[in-house]
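Here is a friendly walk through one protein model, piece by piece. Keep the structure open beside the text and follow along.

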Amino acid sequence: MQLEHVNVFKNLESLTKIRQREVFCPIAKVTALNTPLIAADDLMLKTTMSSVAIYDKELSKIIYNHTEFPEIETNGTRIAFEQFIENISYLDRQVLLWGIFDATYGTLGKREISCPFCANKFEDDIKSEELLQPDSLTAWDLDQSFVEYTFMIDEIVDIPNVYKLQFIAQLPSIKKHLDVLTLLTTDQIQNNFDNFGSLFSKVEELSTVISSIKVFKTIDDERPDTFDKLKDIYFVIRKFLLLSITSSVLQKFNNHFAKFIPSFKKPYTCGECGKDFDFRVDMEINLFRRFLETE
Ligand SMILES: [Zn+2]
């Protein structure tokens with residue numbers, strides 16, 4: 001590198017700095033700085049979109065590349081990708097996506113809004129800042145960190161030799177999500193995507209939030225059989241769990257953690273019927289949508 005270039009590079013660096021966006025990861029409870037996507041991300045985003053099998057991991061890398069933690073990364077240190085995915089929750093990931101989106105684009109562009117109460121349709125240019133409402137983020141307020149906190153879900157089965165199934169549930173980290181994906185073949189992921197419109201079916205969804213399954217043979221079984229390896233948990237859920245139990249456990253999990261799910265939305269009052277409603281936005285979908293629009 002030529003010496004006279006160093007100063008120019010320093011000056012150019014401030015280009016990405018002025019567009020930085022500070023966000024608070026509500027679950028990991030840490031402040032992050034998101035930097036805008038740059039031209040070099042173009043290929044990475046395209047590669048990400050071309051294959052569902054590598055999608056989640058590549059997107060997590062992009063998020064990592066554009067996230068700094070000023071409270072932790074002092075004196076020029078950088079947390080490793082592994083630390084990042086282990087200690088940041090999958091819900092925080094959505095907030096970081098919002099930060100990157102806001103730093104990069106700032107606006108969703110013109111969107112058609114439909115009133116859910118009447119036939120009224122109108123257009124609006126939605127700024128990403130407007131999607132963060134006072135109740136959009138709820139900070140983690142439980143005794144232990146999200147990595148340690150567990151929630152017990154019991155399902156009484158009451159068949160011979162199986163009285164009860166006990167599920168130990170946790171909010172997943174980014175890593176847990178990636179680990180579950182590695183259990184699937186490319187075909188399975190593609191199949192899920194074609195059938196459910198997401199990378200995960202209920203089986204995988206449940207596997208990401210369960211850290212242990214105990215099988216009680218009787219009502220007072222003191223030594224229940226325990227599965228606490230992801231591979232075994234996934235196998236049990238996939239092979240033996242009735243859809244009704246899977247749905248029930250997921251429902252109880254969602255009810256317990258509902259308030260922590262970030263909601264990106266812009267409130268409107270319909271000009272025709274006068275009713276209030278929220279226009280809800282998925283940041284992941286919108287990041288790719290905007291990327292394709294502005295390409
Ligand atoms: Zn209306």
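## A three-stranded sheet

Let's begin with an open sheet of 3 strands, ordered β1-β2-β3 and paired in the antiparallel sense. Because β1 and β3 (67–68) stand at the edges with a single partner strand each, one side of each has no neighbour in the sheet. Please bear in mind throughout that this is a predicted model.

β1 and β2 are joined antiparallel by 5 bridges.

## The loop between β1 and β2

The loop between β1 (21–25) and β2 (30–34) contains K29. This residue has a positive phi of about 55°, although K29 is not a glycine. Is K29 buried, exposed or partly exposed? It counts as partly exposed, because it has 14 C-beta neighbours inside 10 Å.

## The whole chain

Stepping back, the protein chain has 11 helices and 11 strands. Its C-alpha atoms fill a box of roughly 75 × 60 × 40 Å along the principal axes. Of the 295 residues, 27% count as buried.

The domain assignment gives domain 1 as 3–112 + 282–294, and domain 2 as 151–259. The centres of domain 1 and domain 2, taken over C-alpha atoms, are separated by 31 Å. In the contact between them, 15 residues come from domain 1 and 13 residues from domain 2.

Which helices supply at least two residues each of the side of domain 1 that touches domain 2? They are α3 (52–65), α4 (81–87) and α5 (90–104). The largest share of this side, 6 residues, comes from α3. By class, the side of domain 1 that touches domain 2 has 8 nonpolar, 3 polar and 4 charged residues.

M283 is buried, because 21 other C-beta atoms lie within 10 Å and the cut-off for buried is 20 or more.

What does M283 touch, leaving aside its neighbours within four places in sequence? Its contacts are Q94, L97, W98, F101 and F264. Another pair to look at is M283 and A32: they are 251 residues apart in sequence, with their C-alpha atoms 17 Å apart in space.

Strand β6 (residues 151–159) and strand β7 (residues 162–169) run antiparallel and are joined by 7 bridges. Within this pairing, I156 has K164 in β7 as its bridge partner.

β6 and β7 form a hairpin with 2 residues between them. N161 sits in the loop between β6 and β7, and its phi is near 70°, a positive value in a residue other than glycine. N161 is exposed, because it has 10 other C-beta atoms within 10 Å and the cut-off for exposed is 12 or fewer.

β7 also pairs with strand β8 (residues 210–216), in the antiparallel sense and over 6 bridges. Here A169 has I210 in β8 as its bridge partner.

## Helix α8, largely enclosed

Why is helix α8 (residues 202–209) described as largely enclosed by the rest of the structure? The reason is that 6 of its 8 residues are buried. Those buried residues are E204, E205, L206, S207, T208 and V209.

Note on methods
Residues are numbered from 1 along each chain as its sequence is written. This is a predicted model: local features need pLDDT of at least 70, side-chain atom pairs count only at pLDDT 80 or more; totals for chains, interfaces and linings use all residues. Two strands pair if DSSP finds at least two bridges between them. Helices (H or I, at least four residues) and strands (E, at least two) are DSSP runs, numbered from the N terminus. Two residues are in contact if their C-beta atoms, placed from the backbone, lie within 7 Å. Domain bounds come from an automatic or database domain assignment. Ala, Val, Leu, Ile, Met, Phe, Trp, Tyr, Cys and Pro count as nonpolar, Asp, Glu, Lys and Arg as charged, and the others, Gly among them, as polar.
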